[in-house]
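Subject: Structure handover

Hello,

Please find the structure below. My notes on what was found in it follow.

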Amino acid sequence: EAYGERDPEGTVRLPFTQSEVGQLAGVAVSTAERVLAEFRRKGAIATTYGAIVVRNLTFLKKIRFSGEDA
């Protein structure tokens, strides 16, 4: 939310490439691409040239800390 541009429909455009997301997360580009592809299939994001569009911020917030309960 802090790095993106929100539009009237509620989506957030993040000015990051898939490679940059991998670097920020500390994972290989192939891992970032795989995870982002899964998020695309679930309708949570869309990817465009040079940006990622978050379509379902609620979904991403729900999974953000899901592994910390164990």
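Setting aside neighbours within four places in sequence, Gly4 is in contact with Val12, Arg13 and Leu14, contact meaning heavy atoms within 4.5 Å. Gly4 sits in the segment before E1. Its relative accessible area is 22%, so Gly4 counts as partly exposed (buried is under 20%, exposed is over 50%, partly exposed is in between; 1.4 Å probe, protein chains only). Asn56 is 52 residues away from Gly4 along the chain, and their C-alpha atoms are separated by 14 Å.

On the source: this is a predicted model, in which local features need pLDDT of at least 70 and side-chain atom pairs count only at pLDDT 80 or more, while totals for chains, interfaces and linings use all residues. Residues are numbered from 1 along each chain as its sequence is written, and side-chain values use heavy atoms, with hydrogens and water left out.

The protein chain has three helices and four strands, in the sequence pattern β-β-α-α-β-β-α. The radius of gyration is 12 Å, close to the 11 Å from the globule rule for 70 residues, so the chain is as compact as a globular protein of that length. That radius is taken over C-alpha atoms, and the rule is 2.2 Å times the number of residues to the power 0.38. Helices (H or I, at least four residues) and strands (E, at least two) are DSSP runs, numbered from the N terminus.

The four strands form an open sheet in the order E1-E2-E4-E3, with antiparallel pairing. E1 (5-6) and E3 are the edge strands, each pairing on one side only. Two strands pair if DSSP finds at least two bridges between them.

- E1 and E2 (residues 12-14) pair in the antiparallel sense over two bridges; Arg13 in E2 is the bridge partner of Glu5.
- E3 (residues 45-48) and E4 (residues 51-54) run antiparallel and are joined by four bridges; Ala46 stands opposite Val53 in E4.
- E3 and E4 make a hairpin with two residues between them, and Gly50 in the turn has a positive phi of about 75 degrees.

For the chain as a whole, 21% of the 70 residues count as buried. Among contacts between residues at least 6 apart in sequence, 38% join residues at least 24 apart. Along its principal axes, the C-alpha trace spans about 35 × 25 × 25 Å.

Regards
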